[in-house]
Amino acid sequence: MPELPEVETTVRGLARFLEGERIVSVRVNRPDMRRPFPPDLVQALTDATVSGLSRRAKYGILHTDRDHAMVFHLGMSGRWRIDPEGEDKHDHLVLTTQDHVFALNDPRRFGSVDLLLAPELDLWPAFAALGPEPLGEALTAEHLRTATRGRKQAIKLLLLDQRIVAGLGNIYVCEALWHAGIHPRKAGGKVTMPQLKRLVPAIRDVLERSIRDGGSTLRDFAQPDGNLGYFATRFHVYGREGEPCHHEDGGTIRRIVQGGRSTWFCPVCQK
């Protein structure tokens with residue numbers, strides 16, 4: 001599934017071509033993806049000007065001058081294609097401006113598109129319960145201390161809880177915990193303040209480096225221009241079971257299962 005850096009990369013890629021442009025036509029090629037397309041989507045977007053693009057957690061948001069916002073989720077395999085060569089049967093939504101064509105392509109149809117009034121974005125159920133953005137100033141060691149105080153659940157699983165931090169996914173939690181030297185099984189309530197003070201910048205650094213690299217290409221993800229992200233070549237623990245730790249501490253990367261998902265870590269440097 002495209003994670004936060006992949007969505008951020010997508011939003012930035014779309015903004016280069018869409019921001020300030022008027023949408024001259026909107027075509028919906030099927031009635032639904034994960035859920036039905038909004039019935040008034042075509043009417044709301046046709047002739048609207050894109051006033052900006054943004055991201056909340058793993059959702060992209062297209063803002064218009066009509067006080068509407070189109071919120072999209074890429075699901076498992078979704079991506080936007082800019083000026084695609086020919087049509088594809090998986091291009092489910094197509095936006096056209098004077099100079100470009102933007103096709104939302106999703107072979108598995110686990111993505112979604114919603115249309116909201118801009119003033120009500122923060123009240124939308126999918127957004128209302130979200131924690132702070134990991135790249136924003138609201139994510140602090142003090143916030144994590146408050147959110148994890150007394151918790152027996154593993155810190156890895158708590159970081160995946162979108163109510164604690166918005167948008168963090170499995171790949172980047174594994175990588176951030178390695179950078180911070182925190183064992184993924186450690187109870188959240190037992191993670192020390194010095195560890196949390198290392199964890200916050202580790203989260204930001206891992207995400208920012210992945211964004212610069214265009215995201216992690218796992219299976220289907222590609223940027224809107226078709227280029228593949230290459231942060232996956234820089235993983236320190238994710239997918240490296242049995243390989244030596246990059247800290248050269250004599251540790252070997254192990255894989256365990258937490259909450260039904262794989263976790264990779266170094267048992268020597270993560271305490």
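How many of the 15 residues of helix 1 are buried? Thanks for coming, everyone; let's start there. The answer is 11, so helix 1 counts as mostly covered, given that buried here means under 20% relative accessible area. Please keep in mind that we are looking at a predicted model.

Among the buried residues of helix 1 are Leu4, Val7, Glu8 and Val11. In general, an α-helix has 3.6 residues a turn, so residues three or four places apart point the same way. As for length, helix 1 reaches 20 Å from its first C-alpha to its last, close to the expected 21 Å. Just after helix 1 comes Gly20, with a positive phi of about 85°.

Now, who meets that helix? With a relative accessible area of 15%, Arg55 is buried. What does its side chain find there? The side chain of Glu133 makes a polar contact of 2.6 Å with that of Arg55, and the backbone oxygen of Ala57 sits 3.0 Å from a polar atom of the Arg55 side chain.

Helix 1 has another partner, helix 7, residues 193-212. The buried residues of helix 7 pack against helix 1, and against helices 4, 5 and 6 too; they include Leu196, Leu199, Val200 and Ile203, along with Arg209. Helix 7 spans 29 Å over 20 residues, close to the expected 28 Å. Just after helix 7, Gly214 takes a positive phi of about 85°. That's my tour, and I'm happy to take questions!

Conventions
Residues numbered from 1 in each chain as written. Predicted model: local features only at pLDDT ≥ 70, side-chain atom pairs only at ≥ 80, totals over all residues. Heavy atoms only, no water. Helix = DSSP H or I, 4+ residues; strand = E, 2+ residues; numbered from the N terminus. Expected span 1.5 Å × (residues − 1). Buried < 20%, exposed > 50% of the residue type's maximum accessible area, 1.4 Å probe, protein only. Contact = heavy atoms within 4.5 Å. Polar contact = N/O pair within 3.5 Å; in protein donor to acceptor, adjacent residues only side chain to side chain.
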